[in-house]
Amino acid sequence: MNDDDGAADFEQFVDLAAARLGGTVLLASDDFFAEKENLVADAPAIWSADRYTDRGKWMDGWESRRRRTLGHDWCIVRLGIPGIVRGVVVDTAFFRGNYPESCWLEGAVAPPDASAATLAADEAAWFPLLPKSRLAGDAKNRFAVDAPWRVTHLRFHIDPDGGVARLRVHGDVVPDPAAVAAIAPGGLDLAGLEHGASVIGASDMFFGGRHHLILPDESRGMHDGWETRRRRGPGHDWAIVRLAACGVIERVVVDTSHFKGNAPGTCRIEIADAPGATLDALAAPDFAWTPLVPDTSLTPHHVHPLAVAGEWPATHACLRIFPDGGVARLRLFGRLEARGRRDLVLAFVNALPPDAAATEFAAWLGSSRFASALAALRPFADEAAAAAAVERSMADLGAADWDEAFPAHPRIGERKADAHGWSAGEQAGAADADAATRMALAAGQRGYETRFGRIFLTCATGKTAATILAELEARMHNAPAAELAVAIEEQKKITRLRLEKRFGA
């Protein structure tokens with residue numbers, strides 16, 4: 001635990017559980033004295049000396065009653081934005097004689113609409129994030145978290161009972177790549193925090209934090225933007241944004257709402273296609289930025305739609321303000337590049353907890369051994385590394401593993417739900433077969449199953465029903481061992497194509 005003298009490094013990351021981002025406490029074992037919802041409130045906790053309720057002293061936090069039985073109290077939090085937790089602040093402000101002795105934290109991956117009852121059930125898959133740790137009263141208890149997994153929900157335990165004012169969950173945003181890719185071209189805010197963008201550095205943040213620039217909601221006041229101190233010498237202020245992924249910016253909005261006497265005089269926006277570049281490199285005076293928006297006058301308390309000078313791929317953007325002042329929000333609308341989509345998928349796949357990763361990879365190839373082995377080979381440096389790991393994992397499979405994988409596919413002409421809806425697309429060529437061909441395929445597959453004891457498997461992508469039928473009839477003459485080898489190669493083709501489809505999402 002760190003004391004309350006200064007912020008920890010991880011507090012530079014956004015609070016994933018913040019109520020303004022959609023964070024909420026779904027369920028608590030007990031909140032007799034103070035409501036569970038207070039735990040993720042945006043404002044700091046306050047003290048009111050003379051305020052009481054019919055249950056006791058009013059406290060700005062979550063507080064359970066005194067426990068007279070074995071056990072401990074807990075609550076379940078749905079994060080506003082999923083991500084990797086880098087650290088937590090367990091703030092026991094004003095809880096001096098009624099704070100818990102210790103706490104610990106677990107994470108889970110669940111759909112956004114998962115019910116509290118589902119998450120609290122014994123079969124829910126929780127994994128450890130923070131071990132049991134001592135707490136101090138009336139203090140910001142800071143704990144770094146060393147778990148590289150994307151989480152959507154937290155289970156916060158306190159032992160044995162008591163009150164906590166606020167829980168701040170700082171971390172990296174890891175969005176669902178399919179949700180980001182589904183946003184219409186031109187409508188995607190490449191600088192949106194909720195899409196995984198980050199303000200990685202700023203020249204000054206004396207009056208307002210840099211992360212405010214890219215929050216998804218409208219600014220709530222002058223305190224809710226990025227604002228620098230008054231500059232008394234030469235130069236200007238700046239903020240550098242790492243975009244959600246590589247994309248092309250098509251339009252810009254610079255919002256100076258609430259900054260009436262302290263908006264910048266002008267601004268300029270520049271971009272760079274520099275994957276992996278460090279802040280030091282980007283902030284260097286000789287770094288080669290590309291102009292996107294030329295020097296433009298700004299009006300106080302105004303939303304400025306700005307035209308761009310051209311459309312180029314970018315991974316970073318720099319907002320320069322002259323000479324200083326405050327900006328409420330920066331929006332950089334555009335579209336993802338193909339490599340940007342791949343990078344989003346890579347970050348998502350690498351951050352999946354082991355069980356969730358195994359579920360993901362089982363959709364690529366329905367062998368539990370394959371899925372577990374591939375999950376253990378992460379993180380992947382890039383798509384090529386993922387492809388190499390797939391080949392390695394397939395090479396280690398035995399006959400029993402392939403027999404487990406084959407039934408995950410539907411018969412040709414049938415439908416079976418899968419995680420990404422791939423089967424329907426793979427069999428699209430057979431969907432328009434005439435009645436006679438469909439009947440012949442069905443009969444042929446029944447005969448195949450009788451002869452070989454498993455479903456007929458072929459990489460059907462791009463094949464017509466007639467082609468598949470001819471292949472089926474030819475393979476009926478294979479010896480069992482030879483046919484197993486053919487089926488395995490067809491499964492490998494399907495898996496390779498599914499890898500390509502996943503990274504092209």
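On a 1 Å grid over the protein atoms alone, a pocket is an open set of points where a 1.4 Å probe fits, with protein on both sides within 12 Å along at least five of seven lines, and its lining residues have an atom within 4 Å of a point. Rolling a probe the size of a water molecule over the atoms shows where empty space is left. The model you have here is predicted, so local features need pLDDT of at least 70 and side-chain atom pairs count only at pLDDT 80 or more, while totals for chains, interfaces and linings use all residues. Residues are numbered from 1 along each chain as its sequence is written, and side-chain values use heavy atoms, with hydrogens and water left out.

Let's begin with the largest pocket, whose volume is about 900 Å³; a volume here is the space filled by probe spheres set on the grid points, which are joined across faces, edges and corners. Its lining has 28 residues, and those nearest the centre are Glu 11, Asp 15, Arg 168, His 170 and His 212. Two or more lining residues come from each of β1 (14-15), β6 (73-91) and β12 (166-173). Strands such as these are DSSP runs of E with at least two residues, helices are runs of H or I with at least four, and both are numbered from the N terminus. The largest share of the lining, three residues, belongs to β12. By class, the lining of the largest pocket holds 11 nonpolar, six polar and 11 charged residues, where Ala, Val, Leu, Ile, Met, Phe, Trp, Tyr, Cys and Pro count as nonpolar, Asp, Glu, Lys and Arg as charged, and the others, Gly among them, as polar.

Next, find strand β22 (residues 329-336). Seven of its eight residues are buried, so β22 is largely enclosed by the rest of the structure. Buried means under 20% relative accessible area, exposed means over 50%, and partly exposed lies in between, with a 1.4 Å probe and protein chains only. Which strands sit alongside β22? Strand β16 (residues 237-255) pairs with β22 in the antiparallel sense over eight bridges, and β13 (residues 188-189) does so, also antiparallel, over two bridges; two strands pair if DSSP finds at least two bridges between them. Look at Phe 333 in β22: Arg 251 is its bridge partner, and Asp 189 stands opposite Phe 333 as well.

The C-alpha atoms of Ile 269 and Leu 330 are 10 Å apart, although 61 residues separate the two along the chain. Ile 269 is buried, with a relative accessible area of 1%. Leaving aside residues up to four places away in sequence, Ile 269 touches Val 252, Val 254, Pro 291, Leu 292, Val 293, Cys 318, Leu 319 and Leu 330, contact meaning heavy atoms within 4.5 Å.

Finally, a look at the backbone. Most residues other than glycine have a negative phi, and most peptide bonds are trans. Phe 94 has a positive phi near 70 degrees, lies in the loop between β6 and β7 (102-108), and counts as partly exposed at 23% relative accessibility. His 301 has a positive phi of about 50 degrees; it is in the loop between β18 (290-297) and β19 (303-306) and is partly exposed at 40% relative accessibility.

The peptide bond from Asp 159 to Pro 160 is cis, with omega near -5 degrees, and Pro 160 lies in the loop between β10 (150-159) and β11 (163-164). Arg 378 and Pro 379 are also joined by a cis peptide bond, with omega about 5 degrees, and Pro 379 is in the loop between α6 (368-376) and α7 (383-395).
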